[in-house]
Amino acid sequence: MTNPQTKKEISFEDFKTEVLNDYKIAITSRECSLLGRREVLTGKAKFGIFGDGKEVPQLAMAKAFKNGDFRSGYYRDQTFMMAIGEMSIQQFFAGLYGHTDIEHDPMSAGRQMGGHFATHSLNEDGSWKNLTLQKNSSADISPTAGQMPRLLGLAQASKIYRNVTGIHNKTNFSINGNEIAWGTIGNASTSEGLFFETINAAGVLQVPMVMSVWDDEYGISVHARHQTTKENISEILKGFQRDENGNGYEIIRVKGWDYPALVDAYQKAAQIAREEHVPVLIHVNELTQPQGHSTSGSHERYKNAERLAWESDFDCVRQMKLWMIALNIASPEELDEMENAIKKEVLDGKKAAWEAFVTPTKNEQKELIALLDKIAETSEKKDFINKHTTELKGIKEPIRKEILITARKVLRRIVNESSRKELADWIVNYTEKIQPKFSSHLFSQSEQNVFSVEEVLPTYNEPAEDADARLILRDNFDAIFSKYPEALIFGEDAGNIGDVNQGLEGMQEKYGELRVADAGIREATILGQGIGMAMRGLRPIAEIQYLDYLLYAIQIMSDDLATLQYRTKGKQKAPLIIRTRGHRLEGIWHSGSPMGMIINAIRGIHVLVPRNMTKAAGFYNTLLETDEPALVVECLNGYRLKEKMPTNLGEFKTPIGVVESIRSGNDITLVSYGSTLRLVQQAARELSEIGIESEIIDVQSLLPFDINHDIVKSIAETNRLLVIDEDVPGGASAYILQQILDVQDAYKYLDSKPETLAAKPHRPAYGTDGDYFSKPSAEDIFEKVYAIMSEAKPDEYPSLY
């Protein structure tokens, strides 16, 4: 047999050593699963979902996995992570306990439950590591099949690196595009639409992706006959098999308990994907799940005796052991001795992980007890304090919640005593120290965060040239693609025709089909392409044709992209720009403005709402100098409007999180964004004719929102506020109002009730009248402002109705 790592002939002794090492990893992983389940059932861990039954195929996958490769998988892959050297026994248990120290739980610093795996792509300062020198795992998410769209992008990056020249720092991310993106998924999760969408897209794009389906015939308790047509995913996908008539997949089936067949299958798959850039599907069937789906249930409830007996016989670890004995690789006694030694090693690792987990909290417990004992000595509430102190002392293995609850309850009782300040200071300091362990890195903390970019104003010739606004975008994209060889854009109609509004006219012809590309009608995987490529150092712009269609991709944005920095505690990033267009068109499906839903679903992604194309172009220029993801919503009805053509295309920058006052006035502050601002401006001009002067503030970005608190400065002068938005009532307008009142404390300056004006609760009806009667009009804005002023000055502004 050949060595899978080198494909050179080796001696039997070397072969034996390699196989025994693999078996040791398999047994280690299995023991971690068994002991991990007990830790959950005894209450030390909250929940457990383990990789038992999938060990041997993961060993085979690890053999074919090389430096620079990426994994995008799900929560059964612990053996693989151990096999590539990226997870130790102690780290496994640290993740199970939820250790908040990234050194102890490098997967997520306790932010995800165990079984969610990641490697570190970034240095401490947020800069990229050389990803070609390490084995990489993109950070897992729990939603089933949610790893699939990202997998597509990770694979496509290799195609870009192999075929696009001139990319800066290319060798930190790829060696001639030789890297494979390895996906894993359970057989039941292949029922998800994201799986099929990704499989189709990868076949179209012909990218180096190896997709492993771990098939144990169940999805929790539901058998495959309820999951998959013909109960066989590779059977129903065989039409994707490549042949002389067209490109497609190489499809391989292999039994999950057959170690040598698995090794051969994965070597074959790797060679095809790595050299030919052809996707491969490996259907690994006849797998088992010895402990059932998770610690929340027992598989004996839904598997009959015959199935349980088969699973016992064909457990992959057992079958590997029998194979080794049959080949005289080791005797039963030698293997029993190895297994006993590993059990002790796993137990020792578990104990070390638990000790490391509880020791800091115990020290914090002692610190608070000492303070409370001191306070009790002179307190009138001594008995009350001592009662709580005794209860806290009695907790042998405390959690931080219990410590802080005790401190806060005592504080209430001594609020009138001089010792209150010492305890209050302790609580504040403790919270400031502990809270970041659970809340940091929602956004970038590197020097490339969005606030690091200085505003650069557009410059103009005298006299400035008027142009269709779309030309400003087009020429700015031209400057971007010239300046950033790693930048690329893709989406429906983005390539050949230069997008539906001609903002990319001529760009594909100039920069090629890989950098300016059409994509199929598949928004989730368009997003996934962007996430994966951004995780590998490229600067993708993923175009979703209309804002309404963003809903197809909102799950990927919310669960994957928005949480990436957070769930890795700043160890991975994907600075993806999402381009779309929306607002103020006519009809239910092309004019929605579901901004409230979007901003509350994708915290972790910046949401930018420019009022014109110059502002939009400035946002793109800004974002390409940062390392954070963002959504840019262009005004759908603004492409043919005239704007002045800047002379510093690609260089001017719109600041993020900064509002702009676009009209001065001292009677009322009007706050809005995007296309609605044109109606607000019209209403303001008409209000001015009757003596009402409105200050208009363009929000510009919803996330982040007015970081300089300029809106409250305006309200301090006008003492009145109206927020205008074309989202549903209580949508983005409610968010804006919350930011102004709760965060900026604008209520102090208000002489009238702050109000909002939004669209109707339904989607906008078709036609011009549909728009007028569905969304705020200039007349609506005029009359709303007039009513506010009428309440304040009824003699001057008598009621209209």
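Arginine 71 stands opposite serine 137 in β2, and that spot belongs to a predicted model, where local features need pLDDT of at least 70, side-chain atom pairs count only at pLDDT 80 or more, and totals for chains, interfaces and linings use all residues. Residues are numbered from 1 along each chain as its sequence is written, and side-chain values use heavy atoms, with hydrogens and water left out.

Strand β1 (residues 70–72) runs parallel to β2, with 2 bridges joining them. Two strands count as paired if DSSP finds at least two bridges between them; helices (H or I, at least four residues) and strands (E, at least two) are DSSP runs, numbered from the N terminus. The pair is part of an open sheet of 6 strands with parallel pairing, in the order β2-β1-β3-β4-β8-β7. Its edges are β2 (136–137) and β7 (250–255), each of which pairs on one side only.

Strand β19 (residues 694–698) runs parallel to β18 and is joined to it by 5 bridges; in β19, isoleucine 696 is the bridge partner of leucine 670.

Now for the rings. A pair of aromatic rings is described by the distance of the centres and the angle of the planes. Rings of Phe, Tyr and Trp (its six-membered ring) pair if their centres lie within 6.5 Å, and planes under 30 degrees apart count as stacked, over 60 as edge-to-face and the rest as tilted. Searching the whole structure turns up 29 aromatic pairs. Phenylalanine 92 and phenylalanine 93 make an edge-to-face pair, at 5.0 Å centre to centre and 90° between the planes. Both partners are tucked away: phenylalanine 92 counts as buried at 8% relative accessibility, and phenylalanine 93 counts as buried at 0%. For phenylalanine 240 and tyrosine 249, the ring centres are 5.9 Å apart and the planes are at 85°, so this pair is edge-to-face. Phenylalanine 240 counts as partly exposed at 26% relative accessibility, while tyrosine 249 counts as buried at 1%. One aromatic cluster is formed by Phe50, Phe92, Phe93, Tyr97, Trp354 and Phe357.

Charges also sit over rings (NZ of Lys or CZ of Arg within 6 Å of the ring centre and within 35 degrees of the ring normal). Lysine 303 lies over the face of tyrosine 218, 5.2 Å from the ring centre. Arginine 413 has its charged end over the ring of phenylalanine 384, at 4.2 Å from the centre.

Grid points are joined across faces, edges and corners, and a volume is the space filled by probe spheres set on the points. The count is 4 cavities of 30 Å³ or more. The largest cavity holds about 140 Å³ of space, and of its 19 lining residues the closest to the centre are Phe92, Gly95, Leu96, Gly114 and Gly115. Helix α4 (residues 89–97) gives the most to this lining, with 4 residues.

The largest pocket has a volume of about 730 Å³. Of the 30 residues lining it, Lys46, Tyr97, Gly98, Phe357 and Ile399 are the closest to its centre. Helix α11 supplies the largest share of that lining, 5 residues.

Glutamate 462 and proline 463 are joined by a cis peptide bond with omega of about -5°, and proline 463 has its place in the loop between α15 and β9 (466–468). Another cis peptide bond joins leucine 703 and proline 704, with omega of about 0°. Glutamate 286 has a positive phi of about 60° although it is not a glycine; glutamate 286 lies in the loop between β8 (280–285) and α9 (305–313).

Conventions:
Buried < 20%, exposed > 50% of the residue type's maximum accessible area, 1.4 Å probe, protein only. 1 Å grid on protein atoms, 1.4 Å probe; cavity = no way out; pocket = protein on both sides within 12 Å on 5 of 7 lines; lining within 4 Å.
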